[in-house]
Amino acid sequence: MQKKLLEIKDLTIKFHTDDGVVEAVNKVSLTVHEGETLGIVGETGAGKTTTALGIMGLVDCPPGRIEGGKIMLDDRDILQLDEDEFRKLRGKEISMIFQDPMTALNPVFTVVDQIAEVIANHQQLGEKEAEQKAIEMLELVRIPAERAYEYPHQFSGGMKQRVVIAIALACNPRLLIADEPTTALDVTIQAQVLELMKDLKTRSKTSMILITHDLGVVSEICDQVAIMYAGEIVESGSLEDIFENPLHPYTNGLFGSIPDIDKEVEFLSPIEGLVPDPSDLPKGCKFHPRCKYAQHLCSVEEPVFQEYSPGHYAKCFVYEGKLPAKEVKKYE
Amino acid sequence: MAQIDLTLAPTGKKKSKKRSLWADAWLRLRKNKSAVAGMIMLATILIVIYSSPLYLDYDNDVIKPDLTQTLQFPAKGKLLGTDELGRDVLARILWGGRISIGIGVLAMMLSSIIGCTLGAISGYYGGKTDGIIMRSLDVFMAIPSLLLMITLVSIMKPTITNLIIALAIGSVPSVSRMVRAQVLYIKGQEFVEAIRAQGASDFRIIVMHILPNAISPLISQFVMEIAGLILAISGLSFIGLGVQPPDPEWGAMLSSGREHIRDVWHVTAFPGIALVLTVVALTLVGDGLRDALDPRMKR
């Protein structure tokens with residue numbers, strides 16, 4: 001078994017707003033091993049980004065607050081670090097790629113300056129050396145060195161995202177969090193960027209958390225998958241577990257909403273209803289108002305997140321044997 | 001999946017060279033015709049005005065009254081005529097410009113340093129810090145800035161230094177507000193969060209990332225403020241709290257010539273024209289700088 005790099009236990013993040021308490025992340029537990037890629041999948045508003053920001057220590061406070069749980073990097077609980085120590089961690093041990101490359105770069109500096117800045121910030125390097133290294137990073141993400149002294153607006157979206165990746169990887173972080181890195185890009189560029197990330201990841205042996213709502217992307221590069229719904233993990237397991245044998249009704253619903261090229265159907269089968277308002281979450285199982293299998297029990301009691309086959313966890317009463325349905329029908 | 005070739009063809013023979021933000025801005029500024037015109041105007045004005053001690057004698061040319069020659073129209077020898085005490089208007093404009101522009105620029109520099117600091121801290125940290133800074137500035141805002149300056153100058157003595165301080169304090173609230181608004185806007189952009197995720201300190205984020213982004217929209221306003229401050233000095237001079245006679249100053253000249261404006265136009269017109277030309281030059285340069293400092297405006 002590989003060494004654990006990051007272990008999140010019962011992470012709870014709430015936002016105290018004027019309209020009430022928004023429970024963005026509820027008791028999320030995740031583990032990332034060294035060199036592994038974990039995909040976090042979920043609908044908009046499921047708390048994926050908030051979880052990521054929690055790991056980065058960047059939850060806006062106020063109104064956000066981490067109310068409980070632990071985030072262990074190696075054997076250190078990084079939530080206990082003070083701001084200064086945390087700052088040294090960011091960019092060096094953990095870095096993050098943001099969703100929209102169009103706005104993730106400072107428009108008034110050349111790209112090489114922006115990469116050199118992180119390097120100079122975390123490594124004791126002179127200006128010249130940092131710049132040299134920044135150019136190497138650019139070439140690593142396959143941007144020719146002669147474009148180094150250009151400004152972000154002179155780059156296309158895909159190139160900008162590659163610059164962002166170069167910045168994130170400049171200090172050889174041990175964990176890379178990619179928050180929907182390809183959502184803002186068109187499909188051909190998506191493929192390029194994913195290929196590049198995969199390549200760089202294997203080369204530098206960086207672990208990665210990939211946040212996405214695109215199951216296609218997940219199947220491309222992830223080793224482990226966690227399905228998130230309404231601020232909690234409803235199912236997690238290896239890529240095969242999730243894709244071959246999804247347990248939770250929500251996971252099955254997600255697969256059911258993907259069009260299949262081999263089949264001719266009139267309509268897709270989407271999951272009915274909407275994601276619950278995180279400031280007013282349903283009692284019991286958070287998914288029960290949209291679940292086909294839901295019984296009265298689901299609305300009063302919360303199922304336990306437990307292991308059903310080695311490494312494959314789910315949170316549903318169906319598998320606890322407490323519901324009439326003994327199995328969730330697999331998507332077709 | 002098929003192998004995708006990611007290498008990009010070089011964009012052309014031209015290799016981009018390393019240039020700093022300012023060097024780049026300078027290149028863009030040079031291409032802007034109206035900014036160049038403004039710079040030439042401003043440079044001419046400054047050179048002529050600041051070299052005036054070389055060809056003017058303060059005691060004889062600038063302040064010495066000649067009561068036989070009062071209110072003479074422009075003529076040979078006295079190119080812009082004389083004022084109500086028979087002093088050469090041209091000489092006084094040239095000498096007075098040193099004081100007007102000097103005070104205006106220094107006061108603006110002082111107030112932009114204070115204003116940027118306060119505005120940036122207040123906009124970036126928000127919350128209580130913002131509340132305390134902004135509410136204290138509101139107290140100053142509640143008093144009309146000219147009145148505030150009058151009060152400050154009359155508490156202190158009307159020396160040049162005190163004048164600069166008073167003018168700076170008078171314009172700090174509005175400058176801080178402008179900076180704060182810009183900082184608030186830039187702070188909300190994703191790149192700031194991205195930079196924070198790279199482990200940059202707050203100080204670094206503000207100074208290295210937010211302020212350079214804020215400067216281009218602000219600089220033209222700062223330059224315009226200089227013009228406003230020059231006018232404020234003249235306001236103060238008008239009520240005897242600005243530059244003290246017999247020292248010349250554009251505003252003071254304007255107001256002293258005001259009583260004669262029906263009979264002799266030149267005593268007010270020429271200092272006024274000098275003021276307008278300076279303000280126009282400053283505005284042109286300011287607008288040019290705004291465009292030049294924004295890399296996206298590059299053609």
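**Two helices of chain B**

Author: The axes of helix α7 (residues 145–155) of chain B and helix α10 (residues 202–238) of chain B come within 11 Å and cross at roughly 55°. That makes α7(B) oblique to α10(B), since angles under 35 degrees count as roughly parallel, over 145 as roughly antiparallel, 65 to 115 as roughly perpendicular and the rest as oblique. This is a predicted model, in which local features need pLDDT of at least 70, side-chain atom pairs count only at pLDDT 80 or more, and totals for chains, interfaces and linings use all residues. Residues are numbered from 1 along each chain as its sequence is written, while chains are lettered from A and ligands numbered from 1 in the order in which they are written.

Reader: Which residues of α7(B) and α10(B) meet?

Author: From α7(B), B:Leu146, B:Met149, B:Ile150 and B:Val153 meet B:Ala232, B:Gly235 and B:Leu236 of α10(B) (contact requires C-beta atoms, placed from the backbone, within 7 Å). The residues of this contact are six nonpolar, one polar and no charged (Ala, Val, Leu, Ile, Met, Phe, Trp, Tyr, Cys and Pro count as nonpolar, Asp, Glu, Lys and Arg as charged, and the others, Gly among them, as polar).

Reader: Turning to chain A, what does the domain assignment give?

Author: It gives domain 1 (4–93 + 173–320) and domain 2 (105–172) of chain A. Their centres, taken over C-alpha atoms, are separated by 30 Å.

Reader: How many residues of domain 1 of chain A are in contact with domain 2 of chain A?

Author: There are 14 residues of domain 1 in contact with 14 residues of domain 2 in chain A. Helix α6 (residues 187–204) of chain A gives the largest share of the domain 1 side, seven residues.

Notes: Axes fitted to C-alpha atoms, helices over the stretch in contact; angles between N-to-C directions. Helix = DSSP H or I, 4+ residues; strand = E, 2+ residues; numbered from the N terminus. Contact = placed C-beta atoms within 7 Å. Domains from an automatic or database assignment.
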